Amino acid sequence: MESGQRLGGRRPTAQTAVLDVDELIGELCARTGVPSHAARRISALLGAVLAVTADLELSDVLSRIVRSACELVHAQYGAMGVLGQGDSQLGEFITYGISTEQWAAIGQEPHGRGVVGLLLRDPRPLRIDDLAAHPDSCGVPEGHPAMRTFIGVPVRVREVVFGNLYLAEKSSGEAFTEDDERILVALAVAAGIAIEHARAYDHSRRQRACAQIVGEMTRQLLNGTPESQATGRLLAKACGHTRAAGGLVALYDEVGALEVVASHPSGGRGQLLHGAGWSDLIGSGTTEWSDSTAESGLAGEACALVPGPPCDAAILAPLQTAADDLGVLALGWRSSRDAGEADLAGLVTELANQTAIALSASRARLDRTRLGLLEERDRIARDMHDHVIQRVFATGLSLQAASRLAVHPVVRQRLEEAVDELDEAIKDIRRTIFELRGVSGPHGLSRAVQMLVVTAAETLGFRPTLQLIGRVDTVDAEVAADVLAVTRESLANIARHADASSAHLTVRCTADRLEVSVGDDGNGIDHAVVRRSGLQNLHERAESHGGALSLERAPGGGTRLVWWVPL
């Protein structure tokens, strides 16, 4: 088709000076005595140079180059072969002079074999008078137009071969000449400049687009949008701007697993990335480009979660800040040519860096909000514990004492009922205190235990080690309150009596049992201390749930407490 095989609307064009080329060339030839036919070729070359530099959209630039080259040397057919990743084969083929029907009949693009591959192996101008007689010719596919004469020149961008111009069948039926070769070499130089400008424009446009979508994601996160939704929208737009077939965003969860929080197209969310090399990739902070993703490897694992036909290439970009490793952004392409496009890896890296900063800033803001809320809850809980409970408890004791002095049975019964009600009120207040201190809600118990360990470090002089095993946060509020009581009392006893230099705490939750184990390297069990240490209360808490409490000397010295309840 006459406009080239690559389609696209009109794009912004570069501003070019308006020159009367024919008048300028005519005056130059008159002064220098250059023949008129040479003057016409020079005029045509300058016109072609202006034409190929008039667009800033790369697809339009490539189509103009092919068309202008055919017009300059009067070739019936022309093509621009763009090198793919690794420069060993063609990644894209833009044609001129071949109709849509002819192209459909051919059925496939050249990959760099036969005469077409000569310029790949030796990027120098090449002229052939008879293609069929050339030793490297491998014939043409069925439906391909007949071609005899041929000329090809490489197109370089900053001394690096970008692709090759292939022209065939001079209109006059003659072979291409040395003058044709010189004209095409000159056009190839201008084409390289035009391609460089178009690529720079395309890159800056994509940069602006990526900055906009990251800015939009940041606003969504700061407005309270969940990370999965915000990153999902970013991912969909990123795939559009990079022409990726799909991708995913995976973030570390609370236990260090790499969970897919967003995927495009949807389908992989909630799954885990199990590859052993993910932590190394993310920790290195280096973006990885990979092809042949069907093979085993990180790219293959990521692309397997992208619905549809398998991807041929992928870019894996760590989501990392100076302070933390957050996860990974993975994009997949079904053409290694698109994934290997110039500056695309750098663009994805920049997008990942900005995304990591946005996520980190959002989490920091959320942490500050949560910290303020926890501090306020802790103040309220402390006031309730230190003032409200004590006053209610004192009132209950007074009423209990008064009931013994009451003579009338009805009065005594009413006082005892009032004491029981106050006991229930105290239990309700304590339950509220535990909830205020973060035991309820997702990750409540684990977070509360962590806070207790941090607080205990001030009185112990060292920070105990903590291990949370299983779905600790799924236990009900009553059991969670007992776990906190066990933890608090055990660490307090170590601080008061054990004279230890280290301690370890393990909270293990299985399908049918919750166990709290606290050990230290102190001076062992003192039974007098046991009687007054408050452990009887912990024993009663375990028995109320059908569990038990054990306290024994540890094999290497010190004490080990095990408190468990059935679930």
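Helices here are DSSP runs of H or I with at least four residues, strands are DSSP runs of E with at least two, and both are numbered from the N terminus. This is a predicted model, where local features need pLDDT of at least 70 and side-chain atom pairs count only at pLDDT 80 or more, while totals for chains, interfaces and linings use all residues. Residues are numbered from 1 along each chain as its sequence is written, and side-chain values use heavy atoms, with hydrogens and water left out.

**Figure 1. The whole chain, with its confidence.** The protein chain comes to 16 helices and 15 strands. Of its 567 residues, 43% count as buried (buried is under 20% relative accessible area, exposed is over 50%, partly exposed is in between, with a 1.4 Å probe and protein chains only). Take the contacts (heavy atoms within 4.5 Å) with a separation of 6 or more: 63% of them join residues 24 or more positions apart. Mean pLDDT, the predictor's confidence in each residue from 0 to 100, is 76 for the chain, and 78% of the residues reach 70 or more. Residues 1-19 have pLDDT below 50, and this stretch has 42 contacts in the model beyond near neighbours in sequence. Residues 529-533 are also below 50, with seven such contacts.

**Figure 2. The largest nonpolar core and Ile-494.** A nonpolar core is a set of buried Ala, Val, Leu, Ile, Met, Phe, Trp, Tyr and Cys residues joined through side-chain atoms within 4.5 Å. The largest one here has 34 residues, and Leu-445, Val-483, Ile-494, Leu-514 and Trp-563 have the most contacts inside it. Two or more residues each come from α13 (444-460), α14 (477-498), β12 (503-509), β13 (513-520), α16 (535-544) and β15 (559-566). Helix α14 gives the most, with nine residues. For soluble globular proteins in general, nonpolar side chains tend to be buried together. Setting aside neighbours within four places in sequence, Ile-494 is in contact with Leu-460, Asp-499, Ala-500, Ala-503, Val-518, Gly-519 and Asp-520.

**Figure 3. Helix α6 against helix α7.** Two packed helices are described by the angle and the distance between their axes. For α6 (residues 178-222) and α7 (residues 227-242), the axes come within 9 Å and cross at roughly 170 degrees. Axes are lines fitted to C-alpha atoms, for helices over the stretch in contact, and the angles run from 0 to 180 degrees between N-to-C directions. The pair is therefore roughly antiparallel (over 145 degrees; under 35 would be roughly parallel, 65 to 115 roughly perpendicular, and the rest oblique). On the α6 side, the residues in contact include Arg-206, Ile-213, Met-217 and Leu-221. Among their α7 counterparts are Glu-227, Leu-234, Lys-237 and His-241. The residues of this contact divide into eight nonpolar, four polar and five charged. In that count, Ala, Val, Leu, Ile, Met, Phe, Trp, Tyr, Cys and Pro are nonpolar, Asp, Glu, Lys and Arg are charged, and the others, Gly among them, are polar.

Figure 4. Most residues other than glycine have a negative phi, and most peptide bonds are trans. Glu-169 isn't a glycine, yet its phi is positive, about 60 degrees. Glu-169 sits in strand β5 (residues 160-170) and counts as buried, at 18% relative accessibility. Arg-243 also has a positive phi, near 60 degrees, but Arg-243 is in the loop between α7 and β6 (246-252) and counts as partly exposed at 41%. Arg-243 and Trp-333 are 90 residues apart in sequence, with 7.6 Å between their C-alpha atoms. His-264 and Pro-265 are joined by a cis peptide bond, with omega about -10 degrees. Pro-265 belongs to the loop between β7 (258-264) and α8 (278-284).

Figure 5. Asp-179 lies in helix α6 and is partly exposed, with a relative accessible area of 37%. Its C-alpha is 8.9 Å from that of Val-73, 106 residues away along the chain. Val-388 is in helix α11 (residues 344-405) and is partly exposed at 36%. Not counting residues up to four places away in sequence, Val-388 touches Asp-383 and Ile-429.
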